[in-house]
Amino acid sequence: MPSFKTFLSISITFVISFYYEEFLRLRYWAPSDREHTTLAVGILSGYENFKEREAARSTWLGKYSFQNDMKAWFILGNSSCQIPPEYRLSLYSCEKWNINISELQEKFYTAYLVKNTFCPPNLERPFYQGFSFQINYPIVITKLGILSSLLLPDSEIKVALLDVQSKEVIVQTLISSNQSNNIYGYVYANVDTILLPKNYEGLILVEGYLKGIACSDTIWNSGGGVITFKRVYSTPEHLKSKKYSTNLNVASSIAFYIPDIENLKSIARDEEQVTKKWILHLAELNNRLRIEMEENNDIFIADGVDTYRSLPAKLLKFYKWLHLNYDFRFVVKTDDDSVLDISGLLKQLTENSQFDSTKLWLWSNFRRDWPVNYVGKWADYEYQSSVYPTFPCGSAYVMSRQIVLWLVSNAQTLHNYQGEDVSMGIWLSAINPDIIEDEDFACDARCGRTSYNRAQMSDGEVFRVWSYYERCRSLCSCD
């Protein structure tokens, strides 16, 4: 017979699940007299996207601006990156590119060896086979090298420079243990010279058997900031790599030179002046945005810097604010370069019984078995799998209120991955919501006669697409 404690536990669980939304409302102090809307639309936007927002207001948003069954907000961060774009490591984040003029030389080696005079066997260091890197200013690769103390007697080992994403070999060479051209503890061999452009991401890797440990340490050399080291590798597998740290040791090295070093020095010297101009530009943007917000009650400002990497966090903050201030049934997430058929969406949501706002579901076009990217805008080393769980196309997807409530209640513990769409798929894989697949949601610029949305539009294209809709109720064309 069940104990009283068991009965009490079951009873509490039942009450919490039955009144889940009410408990959540109390947790976040949501008032009971919140304004009601059937469909809430969250539109990710950027600080400088004035034309995109105005195009949306003048077309697909304008038709519904005074109706209670739809409310829409543009979602922005509360500040723009204070670092000028040309002095960032990436345009998708707000990390500074530090150029050290005092360390700039024409020729460099990425690794130096420091030998330890006293090193018992238990203090020998492990060495990784290679490392990945990003080029911040064009360089020319001339040699590849291997730490000489790791080479086995009478061995010949291949070392290769690979493209990070495709693993395609860019250049490679063989290095023999009998070579005597030891430079800072590494043995080098010439390769066909190759120019690596700014933002290129590569991987150098030793292919063959080496001693795994040595009584020495690596000193990493970024060439004054022309290279950013990303990760270290013991095998070619990205999932087995580790984030770069100066206390990690590496078996491979690159010799390179900077073909236009004087221009790089000029860029470094101009940083202060360029930054001053950028700050003035941001002040003008802030003033324009302030006026825009006074004239339009449709902008939500999330705490945080406005960058691509901050999109998942911005969305979660918007959903929390939405829950506190509005009683809604459904939420659409889209972007400011999109056009939506709100009438078509509302008709389906209010007339089709499968769209129950108290159930867990997503309605969109979905990406399945999408490979994780390791380079560029969508680079992601945080998610520990080679493919993502099923996720909705970021251009437009619809969620039930119950999904949003779950996101709000778990927002503090949800990890932000590289994009808001893949983050949504990863987050919701924990609760396995119903996936309502619909090819009438466009993932990109392509469209069909019955599409609910168009994506990746310029402001001019938004007006053209909306003219189709006004003439023939199609976002694709009237042909």
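**A loop residue and its surroundings**

Modeller: N432 is exposed, because its relative accessible area is 65% and the cut-off for exposed is over 50%. Bear in mind that the model is predicted. N432 belongs to the loop between α9 and β25. Its phi is near 50°, which is a positive value in a residue other than glycine.

N199 is found in the loop between β11 and β12 (201–207). With 45% relative accessibility, N199 counts as partly exposed.

Two packed helices are described by the angle between their axes and the distance between the axes. Helix α8 (residues 401–410) packs with helix α9 (residues 420–428) at an angle of about 90°, and the axes are 12 Å apart. Angles of 65 to 115 degrees count as roughly perpendicular, so α8 is roughly perpendicular to α9. On the α8 side the contact is made by I403, W406 and L407, and on the α9 side by M424, W427 and L428. Sorted by class, the contact of α8 with α9 has 6 nonpolar residues, no polar ones and no charged ones.

R446 counts as exposed, because its relative accessibility is 63%. The C-alpha atoms of R446 and C476 are separated by 8.4 Å, while the two residues are 30 apart along the chain.

Now the aromatic rings. A search of the whole structure gives 31 aromatic pairs. One of them joins Y109 and Y184 in an edge-to-face arrangement, with 5.9 Å from centre to centre and 65° between the planes. This pair links distant parts of the chain: Y109 is in strand β3 (residues 107–109), and Y184 is in the loop between β10 (182–183) and β11 (186–196), 75 residues apart. Y109 counts as buried, because its relative accessibility is 17%. Y184, at 47%, counts as partly exposed. Y388 and F391 also form an edge-to-face aromatic pair, 6.0 Å centre to centre and with 85° between the planes. Both Y388 and F391 are buried. Elsewhere, ring pairs link W73, F300, F318, Y319, W321 and Y326 into a cluster.

Last, the chain as a whole. The chain has 10 helices and 26 strands. Its C-alpha atoms fill a box of roughly 80 × 70 × 45 Å along the principal axes. Of the 479 residues, 50% are buried. If we take contacts between residues at least 6 apart in sequence, 78% of them join residues at least 24 apart.

How values were computed:
Residues are numbered from 1 along each chain as its sequence is written. This is a predicted model: local features need pLDDT of at least 70, side-chain atom pairs count only at pLDDT 80 or more; totals for chains, interfaces and linings use all residues. Side-chain values use heavy atoms; hydrogens and water are left out. Axes are lines fitted to C-alpha atoms, for helices over the stretch in contact, and angles run from 0 to 180 degrees between N-to-C directions. Helices (H or I, at least four residues) and strands (E, at least two) are DSSP runs, numbered from the N terminus. Angles under 35 degrees count as roughly parallel, over 145 as roughly antiparallel, 65 to 115 as roughly perpendicular and the rest as oblique. Contact means heavy atoms within 4.5 Å. Ala, Val, Leu, Ile, Met, Phe, Trp, Tyr, Cys and Pro count as nonpolar, Asp, Glu, Lys and Arg as charged, and the others, Gly among them, as polar. Rings of Phe, Tyr and Trp (its six-membered ring) pair if their centres lie within 6.5 Å; planes under 30 degrees apart count as stacked, over 60 as edge-to-face and the rest as tilted. Buried means under 20% relative accessible area, exposed over 50%, partly exposed in between (1.4 Å probe, protein chains only).
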